[in-house]
Each structure stands twice: as structure tokens, then as C-alpha cells.
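Please keep the sequence and the model in view while reading.

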Amino acid sequence: MGEKYLSDYYKRHHPFDQGRTIALEERILINLDDAGAYKLQGYIDRLTETKDGFYEIHDYKTNSRLPLAEYIQSDRQLALYMIGVKKQYPDVKHVHLIWHFLKFDKEIDSTRTDDELEKLKTDTITLIETIEQDESFKASPSLLCDWCEFKPVCRQWKHLYKVSEKPANEYLKDSGVVLVNRFAEVKNKQKLLNNECDAELEKLEGALLAFAEKEKVDCVFGSKNKVKITESERYCFPSKNSKDRERLEEVLRKYGKLEDVSQLDTTALGEIIHEKQWEPKVLEALEKFVELEKKKRLYLSKMKEK
Ligand code: SF4
């Protein structure tokens, strides 16, 4: 893939006279406020100046998906670099932000107005303050963990680090390893049994329905149990978020009946409260009805080979 990315890039840009490279992997400092209380730093992959005196911030991406235009428009990274470049290079007239999506041999460029940069500064300061006010920092594992320097002490990974240091015979004696191995064994056994039972139950259901039909009965008796066969009807409606669903809601609203059949969506409400999406006064009014219940669950998954 690397070879293809490079040769595609070479063919597209040869003889490389689109601009003059000013810096590579350039460290850039970004002041978000005049007092210098909020600072960020970043590294620009490549900074160029065109013949017209425009600056270009280039970022090379190896994403396997081409991000949508809205993503590019709202992406913070290069816009923050733009703030730093404008400060670091006072002769700058205009800055272009250019993302090179190497897998697709495609470039997307954008820019930001001064107003947008000011808004980005205040939004980023608000985000920093929100993070600083937080009291619980739950680990949020993702692909980025492989680049995280906290990994050996992170609750998500430290057991792996602890046991990886042990020789193979000691490793297998670790209580955590023993428990997980047994847990996986029993879970897999349960899955196997469930699958077998499901398959047999499906066959038995078919056979019982055929028997009841043939004998013209609604109840079939065994030695200690009986199976009752019932038939029910259910109305089916357009699925959520579909156009027809919207039309159905419109009709109900028109006749003033929507309230009669709509229910409080507590899952959605929980998410809103958790993410503090509503104004504080609304959240405070809801507080007395909400109780935070903590429950621990175990999820079994396969580890990557390495
Ligand atoms: S290793 Fe832990 S702290 Fe680091 S990114 Fe992953 S979950 Fe977050």
C-alpha cells in the first residue's frame, strides 16, 4: 500500500513545482487566548508557500475511508495549526488547509475565516475547561491506545502488562488469566449448548405445529407438561426515522392523538442527562426523578494475536 501511495503521489505532483516547502514536521505553538493561559502545540506534516504568496498546511492521511466534506469543514486539527502559522509567520497573507488522502490519491482543501478561527479558540477553551472540571476520567479504549503512553498504568491494559512480564509457566498461574480462561471456556460451552438447543427447539416447534394441525388440537400433552398453541395478531408500522413514520406522526398530530400513544423514551433521556445536552436549569429540575444505578457487566472478546 505504501508503495502505491508514494507512486500515485509522485505521479500526481511531479515535478513538484506547486510551491516551496518551508518546513517539514514543524512544531507549531497555538495560543488560544491573549493571556497565554491556554496553549496547544502541534506538528505540521508540511508547510509550503505558493508562487502567489499563499501558505499551505499539508496533512497526509492514510485513512481507509474518505471523510465527508462536513468532517473537513469542522475538523479542528488543521484549523488550529492555521492559528499557529498566522502567528509564527507574520508575512502570511492567506492560508489553505490541504488534506492528502493517500489511499484515494485525492486532495481536499479548505480554509477558515478569522471569525471561524476566533470561534474555534473559544470553543476549544470551553472544551479544555469542561475537561478540567471533570472529576472522573474513565478510560475510553480505542485503536489510539497503541499510541498512548498511559497504557502500562491504564485500567484497561495494566493487567496485560503485568502478566506479559512473567515467564510462560508463571503467566498461566496468574489468577486473572485462570479466571478469564475458565470464563471463556464456560461461555463458549454455553453458546454451543444454546445453539444446539435452539436448533432442536426449532425442529420440535415445527413438528408440534404440524401435529396440532393434523390432530386439530390447540393443546398437546406430554407426561408432565403440556404445550398450548396460540395464535396472535400484531399491527406493523413504518420503522423509526422513515418517511412513512414521519407521515404517520403528522396524521396523529393533526388529529391531536399523538400524545395518547407516545411514551417517554427513557434511554434517550438518560443519554441527554449523561451528556448534559440540555440547559442546567432543565437538568436540575429532572434531578429528583433520576437515580444513577451502577451495574458491572463482563464482556468476553478475542484478543489480537500480538
Ligand atoms: S491506553 Fe487507556 S488512557 Fe490511553 S487511550 Fe487507551 S484507554 Fe485511554
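## An enclosed strand

Six of the seven residues of strand S4 are buried, so S4 is largely enclosed by the rest of the structure. The model is a predicted one, and each value below is computed from it.

S4 has pairing partners in S3 and S5. With S3, the pairing runs in the parallel sense and extends over seven bridges. Ile57 stands opposite Leu97 of S4. With strand S5, which covers residues 106-110, S4 pairs in the antiparallel sense over five bridges. Here Phe101 stands opposite Lys106, a residue of S5. S4 and S5 form a hairpin with four residues between the strands, and in this hairpin Asp105 takes a positive phi near 50 degrees.

## The largest nonpolar core

In soluble globular proteins, nonpolar side chains tend to be buried together. In this model, the largest nonpolar core holds 28 residues, and the members that touch the most others are Leu47, Ile57, Val85 and Val95. At least two core residues come from each of strand S1 (20-31), strand S2 (39-49), strand S3 (55-61), helix H3 (76-88), strand S4 (95-101) and helix H4 (114-133). Which element gives the most to this core? H3 does, with seven residues.

Leu47 illustrates how such a core member is surrounded. Leaving aside residues up to four places away in sequence, Leu47 touches Arg20, Thr21, Ile22, Ala23, Tyr55, Glu56, Ile57, Val85 and Tyr89. Among these contacts, Ile57 and Val85 are also named with Leu47 as core residues that touch the most other members.

## Helix H3 and its cover

Helix H3 has 13 residues and reaches 18 Å from its first C-alpha to its last, close to the 18 Å expected at 1.5 Å a residue. Its buried residues include Leu78, Ala79, Leu80, Tyr81, Met82, Ile83, Gly84 and Val85. What covers the buried residues of H3? The cover includes the strands S1, S2, S3 and S4, together with helix H4.

Tyr5 belongs to helix H1, which covers residues 2-13. Is Tyr5 buried or exposed? Its relative accessible area is 13%, and the cut-off for a buried residue is under 20%, so Tyr5 counts as buried.

Not counting residues up to four places away in sequence, Tyr5 touches Thr62, Leu102 and Lys103. Tyr5 and Thr62 are 57 residues apart along the chain, and their C-alpha atoms are separated by 8.7 Å.

## Backbone exceptions

Most residues other than glycine have a negative phi, and most peptide bonds are trans. Several places in the model depart from this pattern. The peptide bond from His14 to Pro15 is cis, with omega near 5 degrees. Pro15 is found in the loop between H1 and S1.

Glu25 is not a glycine, yet its phi is positive, at about 50 degrees. Glu25 is found in strand S1 and is exposed, with a relative accessible area of 54%. Asn241, also not a glycine, has a positive phi of about 65 degrees. Asn241 is located in the loop between strand S7 (226-228) and H8, and counts as exposed at 76% relative accessibility.

Helix H8 itself spans residues 243-254; with 12 residues, H8 reaches 16 Å from its first C-alpha to its last, close to the 16 Å expected at 1.5 Å a residue. Just after H8, Gly256 takes a positive phi of about 65 degrees.

## The chain as a whole

The chain has 11 helices and seven strands. Its radius of gyration is 30 Å, well over the 19 Å that the globule rule gives for 306 residues, so the chain is more spread out than a compact globule. Along its principal axes, the C-alpha trace spans about 90 × 70 × 50 Å.

Buried residues make up 22% of the 306 residues. The accessible surface of the chain comes to about 25900 Å², and 54% of this surface belongs to carbon and sulfur atoms. Among contacts between residues at least 6 apart in sequence, 51% join residues at least 24 apart.

Conventions. Residues are numbered from 1 along each chain as its sequence is written. This is a predicted model: local features need pLDDT of at least 70, side-chain atom pairs count only at pLDDT 80 or more; totals for chains, interfaces and linings use all residues. Side-chain values use heavy atoms; hydrogens and water are left out. The expected span of a helix is 1.5 Å times one less than its number of residues. A nonpolar core is a set of buried Ala, Val, Leu, Ile, Met, Phe, Trp, Tyr and Cys residues joined through side-chain atoms within 4.5 Å. Buried means under 20% relative accessible area, exposed over 50%, partly exposed in between (1.4 Å probe, protein chains only). Contact means heavy atoms within 4.5 Å. The radius of gyration is taken over C-alpha atoms; the globule rule is 2.2 Å times the number of residues to the power 0.38. Accessible areas come from the Shrake-Rupley method with a 1.4 Å probe; for residues, only the protein chains shown count as cover. Two strands pair if DSSP finds at least two bridges between them.
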